[in-house]
Amino acid sequence: MWGSTICKEVSFNLTSNEYVMGFSIIHGEYWLGLENLFNILQNLPTSQSHYHDCDIGNGSDSSTVSISGFDGGATGDSLTNGTYSINDRAFSTYDRDHTNHNCPGRFHGGWWYLDNPVRSEANIFGRRSGDTFESTCHLQDDLGLEPNFTTI
């Protein structure tokens, strides 16, 4: 009998290579890896999300993301909404920062950050117990919704 296990928190403030290859801890959080996501997206006949088209480039082009065709539904668009779109952004980590504002350091993890000194609409790799909003795991959609990830 397994009993109750607590999801162990892992630091997402890792190197570019670790994001490409993926990482995890036993009974804890994990990241599949940009290279694995690239391969999955190349082999799917259709997207399984609220976006009709989603593609991630390979590591040689800094894993640039391309997303379009948001379908809506009950959630808002935190990835391609107007000036806060991550479309055509390179994936940034603390050792390969493609922003001019130290976003991986400020947000405590890798992501397709906006080149914006003030905010990012999404930070899914942030800490569950971050000391500032920008360092915590969050999605801010165009409907003004902010899911609470502190209990994940």
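Begin by selecting Phe 12. Leaving out residues up to four places away in sequence, Phe 12 touches Tyr 19, Phe 23, Glu 29, Tyr 30, Trp 31, His 108, Gly 109, Gly 110, Phe 125 and Arg 127; contact here means heavy atoms within 4.5 Å. Phe 12 is placed in the segment before helix 1. With a relative accessible area of 6%, Phe 12 is buried, where buried means under 20% relative accessible area, exposed over 50% and partly exposed in between, with a 1.4 Å probe and protein chains only.

Some conventions apply to every stop. This is a predicted model, in which local features need pLDDT of at least 70, side-chain atom pairs count only at pLDDT 80 or more, and totals for chains, interfaces and linings use all residues. Residues are numbered from 1 along each chain as its sequence is written, and side-chain values use heavy atoms, with hydrogens and water left out.

**The whole chain**

Display the protein as a cartoon. Three helices and six strands are present, in the order α-β-β-α-β-β-α-β-β along the sequence; helices (H or I, at least four residues) and strands (E, at least two) are DSSP runs, numbered from the N terminus. Of the 152 residues in the protein, 38% are buried.

**The aromatic cluster**

Select Phe 12, Tyr 19, Phe 23, Trp 31, Phe 91, Trp 111 and Trp 112, which form one aromatic cluster. Rings of Phe, Tyr and Trp (its six-membered ring) pair if their centres lie within 6.5 Å; planes under 30 degrees apart count as stacked, over 60 as edge-to-face and the rest as tilted. By this rule there are seven aromatic pairs. One of them joins Tyr 19 and Phe 91, a tilted pair at 5.0 Å centre to centre with 55 degrees between the planes. Because Tyr 19 lies in helix 1 and Phe 91 in the loop between strand 4 and helix 3, the pair ties together parts that are 72 residues apart in sequence. Tyr 19 and Phe 91 are both buried.

**The nonpolar core**

Which residues have the most contacts inside the largest nonpolar core? They are Tyr 19, Ile 86, Trp 111 and Trp 112, in a core of 23 residues. Helix 1 (16-21), strand 3 (51-56), strand 4 (65-70) and helix 3 (103-107) each give two or more residues to this core. Such a core is a set of buried Ala, Val, Leu, Ile, Met, Phe, Trp, Tyr and Cys residues joined through side-chain atoms within 4.5 Å. Select Ile 86: beyond four places in sequence, Ile 86 touches Val 65, Ile 67, Leu 79, Trp 111, Trp 112 and Leu 114.

Ser 16 is in helix 1 and is buried, at 11% relative accessibility.

Turn to Cys 103, buried at a relative accessible area of 1%, and then to Cys 54, partly exposed at 29%. The whole structure has zero disulfides, a disulfide being a pair of cysteine sulfur atoms within 2.5 Å.

**Confidence**

Finally, colour by pLDDT, the predictor's confidence in each residue, from 0 to 100. The protein averages 74. Helix 1 has the highest mean, 90, and strand 6 (residues 138-139) the lowest, 67. Over residues 45-49 pLDDT stays under 50. Where pLDDT is low, the predicted coordinates should not be read in detail.
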